[in-house]
Amino acid sequence: MSTLVCIQDYEDRAKEVLPAPVFNHYVDHADEGQTMDDCKEAFKRYRLRPRVLRDVSNRQFSTTILGHPVSFPICISPTAGQQNADIEGDKATARDNVMPKRKQGSSAKKDANKEGWSGSFSHRRLRRILSRFGHIYQTCTKSGCTPLMISGTIACAKTAKSLDTIMIVSTGAIFTCEDIALAAPNAMLWFQIHLFKDRQMTRFCVRQAERAGFTAVVVTIDTPVIGSSRSMKRRTRNAPREQYRLIMPLKHSLCASRHLIFQNGKFYDPNNPEVRSAIANGDVALSRYSIEQIVTAETWEGIKWLRGITKLPIVVKGVLTGDSSIEAVQAGVDAILVSAHGGRQLDGVPATIDALPEVVKAVKGSGVEVYMDGGVRQGTDVFKALALGARAVFLGRPVLWGLAIDGENGVKKVLELVRDEFSLTMALAGCSKLDDIKASMVVHESQYLSKL
Ligand SMILES: Cc1cc2nc3c(=O)[nH]c(=O)nc-3n(C[C@H](O)[C@H](O)[C@H](O)COP(=O)(O)O)c2cc1C
């Protein structure tokens with residue numbers, strides 16, 4: 001870990017330790033990946049204008065987000081499939097105290113490939129391979145343990161708690177809200193949902209979050225249909241059936257969701273043992289049903305409906321324009337997360353850092369908070385986003401890299417790395433508190449280039 005000095009190092013290491021199908025799924029993008037790449041590149045188009053000779057000996061970056069105190073404005077985006085980065089060995093292994101050692105480097109990758117990632121394999125084999133990459137948590141969750149205890153989400157939630165920041169739990173997380181809250185008591189958790197066609201299902205998700213003490217719902221609104229990934233299609237086209245089945249759940253991770261427990265079109269309590277065993281056995285109907293629930297006909301009326309059924313603050317995720325921001329305000333949201341879904345939905349939309357100022361301007365005076373995610377990889381990126389009006393930034397893939405390399409500790413290291421770089425940027429730019437970061441301290445490069 002000591003040689004990992006930036007997020008790119010984490011990504012490179014994660015590529016070595018993760019089975020190729022998992023890593024490929026994480027770096028997947030829509031179409032040509034223009035937006036995914038641009039989200040990172042665009043930050044470089046903004047230049048910093050430091051103020052010198054300021055006392056920066058004490059720097060303070062705690063703030064509040066939707067009224068919750070956080071120790072720094074860097075939080076965790078929802079990513080389905082966290083379990084694939086950090087999978088716990090099964091319970092029996094835990095009982096026997098045989099801790100699978102996480103292998104590092106190319107030898108781990110070689111083993112994974114040798115054991116079938118590129119060929120045909122069974123679920124048992126998959127478990128054996130993946131269990132090498134995980135830690136064992138002795139978390140006792142209320143809904144019990146599936147044969148394969150999967151910890152990625154819980155590792156992130158624990159990190160959010162230990163660092164006093166916010167984590168958005170994906171609908172595709174494999175634990176229920178209640179399990180996560182039990183495993184990471186007092187963590188600041190928000191729950192990401194979709195406006196499902198079946199409103200009862202949506203309500204069910206919201207109630208689950210409320211009961212578990214989550215403090216906001218985040219509605220992803222850039223997904224009227226699931227985006228198309230050419231690289232994913234290429235990988236799965238000629239894959240043997242077994243492999244295809246294993247890769248598909250990685251993409252459509254809603255299938256694994258235990259937030260949405262149902263069978264034969266009915267909802268069941270996640271604590272129902274029959275339902276648990278259906279999920280443990282990988283009930284594929286669940287996948288299909290969840291995907292079908294993504295609504296192509298959804299409108300802002302859906303957000304107004306949601307406003308009517310919950311008192312939790314509502315954050316909409318996936319807004320990129322001023323017009324949509326105004327509609328969001330009118331629909332009664334509390335915050336907007338400017339996001340391009342990591343470049344996985346509509347390719348060709350602007351980089352989120354470029355879209356941010358328009359959104360900030362549109363909601364000015366409404367009291368609606370604005371955050372952003374997409375391509376945030378270093379402290380200067382955080383500084384630029386805050387200067388351009390974001391109250392906080394969220395990290396998607398970097399968290400997965402941390403998880404892959406060292407579970408909970410890896411996520412902590414990733415967040416601390418970006419936080420420390422942000423602190424350094426503040427010092428070098430002459431800021432000792434967040435309020436010192438002004439819009440005038442970040443300008444688009446064209447302002448300099450046009451003078452050449
Ligand atoms: C593997 C993966 C899974 C994701 N799953 C979800 C999800 O379940 N819900 C959601 O709203 N966004 C999801 N996203 C998008 C992220 O929340 C976030 O917007 C994006 O990753 C931010 O960009 P970054 O990865 O460059 O930090 C996912 C992204 C990735 C890479």
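Visitor: Let's start with helices. Which hand does the crossing have where α1 passes α18?
Guide: It's a right-handed crossing. Keep in mind that this is a predicted model.

Visitor: And at what angle do the axes of α1 and α18 cross?
Guide: At roughly 170°, with the axes coming within 11 Å. Here α1 covers residues 7-17 and α18 covers residues 397-429. With that angle, α1 is roughly antiparallel to α18, because anything over 145 degrees counts that way.

Visitor: Which residues meet there?
Guide: From α1 you have Ile7, Tyr10, Glu11, Arg13, Ala14 and Val17. On the α18 side, they meet Pro398, Trp401, Gly402, Ala404, Ile405, Val414 and Leu417. Sorted by class, the contact has 10 nonpolar, one polar and two charged residues.

Visitor: OK, what about α7 and α18, what's their crossing angle?
Guide: Roughly 10°, and the axes come within 8 Å. So α7, which spans residues 152-163, is roughly parallel to α18.

Visitor: What's touching what in that pair?
Guide: On α7, the contact includes Gly152, Ala155, Cys156 and Lys158. Among the α18 residues in it are Val399, Leu403, Gly407 and Glu408. The whole contact divides into seven nonpolar, four polar and three charged residues.

Visitor: And how do α17 and α18 cross?
Guide: Their axes cross at roughly 65° and come within 7 Å. That crossing is right-handed. Gly379, Thr380, Val382 and Phe383 of α17 take part, with partners in α18 that include Val418, Phe422 and Met426.

Visitor: Switching topic: which residues come nearest to the ligand?
Guide: Ala80, Ser170, Gly342, Gly396 and Arg397, out of 24 residues around the ligand. The shell has six nonpolar, 14 polar and four charged residues.

Visitor: Where is confidence lowest, and where is it highest?
Guide: Helix α4, residues 91-95, is lowest with a mean of 24, while helix α17, residues 379-387, is highest at 99.

Visitor: Which stretches have pLDDT below 50?
Guide: Residues 241-258 are one of them, and that stretch still has 46 contacts in the model beyond near neighbours in sequence. Residues 261-270 also stay under 50, with 19 contacts beyond four places in sequence.

Methods: Residues are numbered from 1 along each chain as its sequence is written. This is a predicted model: local features need pLDDT of at least 70, side-chain atom pairs count only at pLDDT 80 or more; totals for chains, interfaces and linings use all residues. A residue is near a molecule or strand if its C-beta atom, placed from the backbone, lies within 6 Å of it. Ala, Val, Leu, Ile, Met, Phe, Trp, Tyr, Cys and Pro count as nonpolar, Asp, Glu, Lys and Arg as charged, and the others, Gly among them, as polar. pLDDT is the predictor's confidence in each residue, from 0 to 100. Helices (H or I, at least four residues) and strands (E, at least two) are DSSP runs, numbered from the N terminus. Two residues are in contact if their C-beta atoms, placed from the backbone, lie within 7 Å. Axes are lines fitted to C-alpha atoms, for helices over the stretch in contact, and angles run from 0 to 180 degrees between N-to-C directions. Angles under 35 degrees count as roughly parallel, over 145 as roughly antiparallel, 65 to 115 as roughly perpendicular and the rest as oblique. A crossing is left-handed if the near helix is turned anticlockwise from the far one by less than a right angle, and right-handed if clockwise.
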